[in-house]
Amino acid sequence: MAKKKALVTGITGQDGSYLAEFLLGKGYEVHGIVRRSSTFNRGRLDAIWSDLQVSESWLLLHYGDLADSGSITRLLLEVQPDEVYNLGAQSHVRVSFENAEYSMDINATGTFRILEAIRGSGLKPRFYQASSSEMYGKVLEIPQTETTPFYPRSPYAVSKVAAYWATVNYRESFGMHASNGILFNHESPRRGEAFVTRKITRAVAHILAGLQDKLYLGNLDAKRDWGYAKEYVEAMWLMLQQDQPGDYVVATGETHSVKEFLEEAFGLVGLDWQKYVVHDPRYLRPSEVDLLVGDPSKARRQLNWEPKTTFKALVKLMVEADIALLKAHQEGRIKVVS
């Protein structure tokens, strides 16, 4: 039997690398779209390349761009995937206020480009759109479900709302098997260093080693529903295995503040976070999102999916990974982040 093929945008990101690993474990041939740049940003894929059991013919990377409809169409026709996962995005909320047009072009119009390419290709791949809890913004109910109205509070969130409705529209208009995964905050040792959770755990490692003395952060009272990214990619895959497409909240059902994350992370190494953290208004958003917490009941019921890693276990996992990563760098070793 021929291997199933998956085409993944954003494969070099946190979610993309975990999804690639997951799909390879399921016997897929995985094709990833990467942007051409002057730097070689493939570090998150090292765990895959270093696995001698993974053939190079099972994981293939192609140059392309969500801003370029021609490259998307070409790759669809070349790869002829069974499943398409759109994880590529300008994903930093604060940055989206400074780069609003770019965020909209990549996140929203980029999704339209993929959907249009699929529609015009004559192929019938199943499509997954990476939606975001940020779409709920100034929340209108607690917890947030698949039917909670959106109230976006950033250009990033606005772009994700547009992409969400594009996915619904193409599903209803053209009969596509197209699903939205409304993922709440999901973290891991592979999280980008500019995101608050990774910024905290990386600072813990550097402060403990005497390489850093202050950590500058914005809103410490913001509350988020934090889960483990490695587990969330399974939910993405499960959505595309259903007979009918749909939209699903993927979350833990718990909410914790940035301050709680600080207390847990610094406490793991016996440090008082208040001695090191400095409030910096530069990191505040023009319009804040105060509280996000998802209700994953539908995913639990229909996908048989539920989170396994607790908040404390996630923080511990990330702190220990950053301590180990720093130690490996200091000793001149290459550390593959898992």
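Helix α11 is followed by Gly332, whose phi is positive, near 75 degrees. The structure is a predicted model, in which local features require pLDDT of at least 70 and side-chain atom pairs count only at pLDDT 80 or more, while totals for chains, interfaces and linings use all residues. Residues are numbered from 1 along each chain as its sequence is written, and side-chain values use heavy atoms, with hydrogens and water left out. Helices (H or I, at least four residues) and strands (E, at least two) are DSSP runs numbered from the N terminus.

Helix α11 covers residues 311-330. Its 20 residues should span 28 Å at 1.5 Å a residue, and the end C-alpha atoms are 29 Å apart, which agrees; the expected span is 1.5 Å times one less than the number of residues. The buried residues of α11 are Phe311, Leu314, Val315, Met318, Val319, Asp322, Leu325, Leu326 and Ala328, where buried means under 20% relative accessible area, exposed over 50%, and partly exposed in between (1.4 Å probe, protein chains only). The cover over these residues includes strands β7 (186-187), β10 (227-228) and β12 (256-257) and helices α7 (196-208) and α9 (258-267), with contact defined as heavy atoms within 4.5 Å.

Helix α6 also has 20 residues. From its first C-alpha to its last, α6 reaches 28 Å, close to the 28 Å expected at 1.5 Å a residue. The residue that follows α6 is Gly175, with a positive phi near 70 degrees.

Two strands that take part in covering α11, β7 and β10, hold His186 and Tyr228. His186 lies in β7 and counts as buried because its relative accessible area is 11%. Tyr228 has its place in β10 and is likewise buried, with a relative accessible area of 10%. These two residues, His186 and Tyr228, are 42 residues apart in sequence and 5.2 Å apart in space, C-alpha to C-alpha. Tyr228 and Leu284, by contrast, are 56 residues apart in sequence and 25 Å apart in space, again C-alpha to C-alpha. Apart from neighbours within four places in sequence, His186 is in contact with Gln14, Asp15, Arg191, Gly227, Tyr228, Ala229 and Tyr232. A polar atom of the His186 side chain lies 2.7 Å from the backbone oxygen of Phe184.

Helix α1 (residues 14-25) and helix α8 (residues 229-239) pack at an angle of about 65 degrees, with their axes 9 Å apart. Axes are lines fitted to C-alpha atoms, for helices over the stretch in contact, and angles run from 0 to 180 degrees between N-to-C directions. The crossing of α1 and α8 is right-handed, meaning that the near helix is turned clockwise from the far one by less than a right angle (left-handed if anticlockwise). Gln14, Asp15, Tyr18, Leu19, Phe22 and Leu23 of α1 meet Ala229, Lys230, Val233, Glu234, Met236 and Trp237 of α8. These residues divide into eight nonpolar, one polar and three charged; Ala, Val, Leu, Ile, Met, Phe, Trp, Tyr, Cys and Pro count as nonpolar, Asp, Glu, Lys and Arg as charged, and the others, Gly among them, as polar.

His31 is found in strand β2 (residues 29-34) and counts as buried, at 6% relative accessibility. Its side chain forms polar contacts with the side chains of Glu29, at 2.6 Å, and His62, at 2.8 Å. A polar contact is a pair of N or O atoms within 3.5 Å; within protein, one must be able to donate a hydrogen and the other to accept it, and residues adjacent in sequence count only if both atoms are side-chain atoms. Not counting residues up to four places away in sequence, His31 touches Lys5, Ala6, Leu7, Val8, Leu60, His62 and Val79.

Thr252, in the loop between β11 (247-250) and β12, makes a side-chain polar contact of 2.5 Å with Asp225, and its side chain reaches the backbone nitrogen of Glu254 at 3.1 Å. Gln80, in the loop between α3 (69-79) and β4 (83-86), has a positive phi of about 50 degrees although it is not a glycine. The peptide bond from Ile142 to Pro143 is cis, with omega near -5 degrees.
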